[in-house]
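Subject: Model handover

Hello,

Here is the model for your files. My notes on packing and domains follow it.

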Amino acid sequence: MLNLLRTEWLKIRKYWAFWGVMALTALSYPGINYLFYKEYLELTKKGSSTGDMAKMLMGNPFVFPENFHTIAFFSSVFVFIPAIVVIMLVTNEYTYKTNRQNIIDGWSRNQFLLGKFIDVALISVLVTLIYFIVALAIGFLSSKPENRDIWAKSNYIGLFALQTFSQLSIAFLVGFLVRKSFIALSVFVFYFLIVENLAVGFLKAKSHDEGRFLPLEISDRLIPLPAFMGRFNAENYKASLAAIGPHIGYTILVTALVWGICYWTNRKRDL
Amino acid sequence: MPVLSLDAISKNYGPIRALNGVSFDVPQGSVYGILGPNGSGKTTLLSIILDVLGADKGGYRWFGQPGSPELRKKIGALLETPNFYHYLSGRENLRITHSISGRGSEEEIDRVLGAVNLQDRKNSRFSTYSLGMKQRLAIAGSLLGSPKVMVLDEPTNGLDPVGIAEIRQLITELRQQGHTIIMASHLLDEVEKICTHVAILKKGELVAEGRVDEVMSDIDLVEASAEDPEKLMQALKEFPGAGACRMEGRLVYASFEKGMAPMESINAFCFSQGVTVTHLILKKKRLEDRFFELTGNTSHA
């Protein structure tokens, strides 16, 4: 295991494109959340009736402990940025046939896949860490010292980590099966941003919300709309909170299935 | 015990039969050439023994054991093209080779880079290397840890004449040190110069196998010329016992089974066919001749 970790580190240590996209992730997460936070401050500080009404309706979604939920929700929209890194890491191996060389040099096919699994897990941890730091920073910025019930909703850290790992695993699967970086990136981003959102919306309107079982939506429902948005439809909000539990199970199942497909394909496929 | 034993290996790509029941043993300390025209199955065969491809039928054993990652770690290999991380330097790439295989050491990386004349460019990115430099880096990777067995697919591909001579010299030295080298090539001259053994493939079939001198020894080659080479070739083709015939410039070559090339009769037969032979000798055979004989190719590789 240590050897796999060391070798994967040697592969990415000087891969500047990797670090560039990771830097973009590190900037986008605080950026988008700070933007919403500033908007909220603008809206509520006016002392006008609008501001007071907004405050009354929304509460403060950025104070402890609600910040962990709110920031997890906004950050999760940007998971396609680290997904680009994941797709690059796997498709590069096929483009330059280095996966072949790894096997020739003495890795088993399973070790190669395990190395990539470690990459995806580490990127998920890194992304969760960025989210955690942003949530803490905004929490401390916006909370009054006497109101710091910091960890009451820290379960969202785990939910965010699981969601990120699941969705990055799906990105990995796309890269692993397609093997061509540009096509894999296009397929994933198009599906992530457009196809699934349309399908979920359509199935919600026309059917019994079967869209919740689509691959990305399954883990999307780990982090429902922030509480302040839920106030507009309390019934729905309660239902979405209740759905978190089952969706943890579904997400673990889908993620296991994704890696199962990778394992099976990797064993059977000629390199 | 042979270093490598192949047992009836077959591989199909859809309807195309890439290998059909190929079996042979590679003796320890040999330089074993796998020879064949493009598409004959050389790279497929090497890919199977390195576990990059799976065989449809048959199997192979390294040192009497089924192939495994642990065994592959002991083998230095270059397959088809140099496969390295384009954004890393030559040195960084060999650190990955070392990390995976456990062969060699950090210090030895510099030594093998020196052995293939890449010392000056060891810190340049792989993507900036010329084709020849990439090939030399791949050879350096396979030399790491001085493995007792090396598998080299077209090792002189992309090298200039000096580079080719250097690699041939390197292979000869490795053999003298007791290394076993399995080498695919379509360069007949290369195989003849440096290999001790050869297997000749044709469309996935093994058509000859053994020591180079033995493979070459079972034909006689007649070299002839006449005013009209086309007519001469036609006459030689019709001569009883003649095998494959080919023309090179104004010279015509005809192969015969060992000891079955009666020069006087050939001369008389050609004359009776209206061809006056102006030049007729029994040539020392070259692997090239045997290759064309076996593969039925009519032009040089």
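The model is predicted: local features need pLDDT of at least 70, side-chain atom pairs count only at pLDDT 80 or more, and totals for chains, interfaces and linings use all residues. Residues are numbered from 1 along each chain as its sequence is written, with chains lettered from A and ligands numbered from 1 in the order in which they are written.

Met183(B) and Ala140(B) have the most contacts inside the largest nonpolar core, which has 77 residues. Such a core is a set of buried Ala, Val, Leu, Ile, Met, Phe, Trp, Tyr and Cys residues joined through C-beta atoms within 7 Å. Buried means 20 or more other C-beta atoms within 10 Å of the residue's own, with C-beta atoms placed from the backbone. Helix 5 of chain B (residues 131-143) gives the most to this core: 6 residues. Helices are DSSP runs of H or I, at least four residues, numbered from the N terminus. A second, separate core has 49 residues, including Leu89(A) and Tyr156(A).

Chain B is assigned domain 1 (4-215) and domain 2 (218-295); the bounds come from an automatic or database domain assignment. Their C-alpha centres lie 37 Å apart. The contact takes 11 residues from domain 1 of chain B and 7 residues from domain 2 of chain B.

Best wishes

Technical notes. A residue is buried if 20 or more other C-beta atoms lie within 10 Å of its own, exposed if 12 or fewer, and partly exposed in between; C-beta atoms are placed from the backbone. Helices (H or I, at least four residues) and strands (E, at least two) are DSSP runs, numbered from the N terminus. Two residues are in contact if their C-beta atoms, placed from the backbone, lie within 7 Å.
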